[in-house]
Amino acid sequence: DRLYLVEDTGRVRVSRDGGRRWQERGRLGGQPAALLATAGETLFAATHDGAITRSSDGGATWTIRGRP
């Protein structure tokens, strides 16, 4: 199982050992407001400027899916 986190700087990290060690995966553009992990390596994130982004590779790259 994987755990994902996004720091207030936008840095995305993943842990594969229950949170003992964290590996940087990528960066989210903008200041994060929320992160949702779904099946596999698909992630969704919202930023404080209202953007909704999607990653299909565990947070290594992000695509904007919507803006207000």
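Analyst: Ser-56 lies in the loop that joins strand 6 to strand 7, the latter covering residues 63-66. This is a predicted model, and every value below is computed from it.

User: Which residues is Ser-56 in contact with, leaving aside its neighbours within four places in sequence?
Analyst: The place of Ser-56 is the loop between strand 6 and strand 7. From Val-6, which is 50 residues away in sequence, Ser-56 is separated by 15 Å from C-alpha to C-alpha. With neighbours within four places in sequence left aside, the contacts of Ser-56 are Glu-41 and Thr-42.

User: How many helices and how many strands does the secondary structure of the chain come to?
Analyst: Read from the N terminus on, the elements of the chain run β-β-β-β-β-β-β. The count for the chain is therefore zero helices and seven strands.

User: What is the radius of gyration of the chain, and how does this value stand against the globule rule?
Analyst: Along the principal axes, the C-alpha atoms of the chain fill a box of roughly 35 × 25 × 15 Å. For 68 residues the globule rule gives 11 Å, and the chain comes close to that, so the chain is as compact as a globular protein of that length. The radius of gyration of the chain is 11 Å.

User: Is Leu-43 buried or exposed?
Analyst: Leu-43 is found in strand 5, and beyond four places in sequence its contacts include Tyr-4, Leu-35, Ala-37, Gly-58 and Trp-62. The relative accessibility of Leu-43 is 0%, and because a residue under 20% counts as buried, the term that applies to Leu-43 is buried.

User: Is Ala-51 buried or exposed?
Analyst: Ala-51 has its place in the loop between strand 5 and strand 6, which spans residues 52-55. Leaving aside neighbours within four places in sequence, Ala-51 is in contact with Ala-45, Ala-46, Gly-66, Arg-67 and Pro-68. Because the relative accessibility of Ala-51 is 3%, and the cut-off is under 20%, Ala-51 counts as buried.

User: Is Asp-1 buried or exposed?
Analyst: Asp-1 is found in the segment before strand 1, which runs over residues 3-6. Leaving aside neighbours within four places in sequence, Asp-1 is in contact with Ser-15 and Arg-16, and the C-alpha atoms of Asp-1 and Arg-16 are 6.1 Å apart. Because Asp-1 has a relative accessible area of 92%, and exposed means over 50%, the term for Asp-1 is exposed.

User: How far apart are the mean positions of the positive and negative charges of the chain?
Analyst: The accessible surface of the chain comes to about 4200 Å², of which 46% belongs to carbon and sulfur atoms. The chain has 11 positive and 8 negative charges, and the distance between their mean positions is 3 Å.

Key
Residues are numbered from 1 along each chain as its sequence is written. This is a predicted model: local features need pLDDT of at least 70, side-chain atom pairs count only at pLDDT 80 or more; totals for chains, interfaces and linings use all residues. Side-chain values use heavy atoms; hydrogens and water are left out. Helices (H or I, at least four residues) and strands (E, at least two) are DSSP runs, numbered from the N terminus. The radius of gyration is taken over C-alpha atoms; the globule rule is 2.2 Å times the number of residues to the power 0.38. Accessible areas come from the Shrake-Rupley method with a 1.4 Å probe; for residues, only the protein chains shown count as cover. Lys and Arg count as positive and Asp and Glu as negative; His and the chain ends are not counted. The place of a charge is taken as NZ of Lys, CZ of Arg, CG of Asp or CD of Glu. Buried means under 20% relative accessible area, exposed over 50%, partly exposed in between (1.4 Å probe, protein chains only). Contact means heavy atoms within 4.5 Å.
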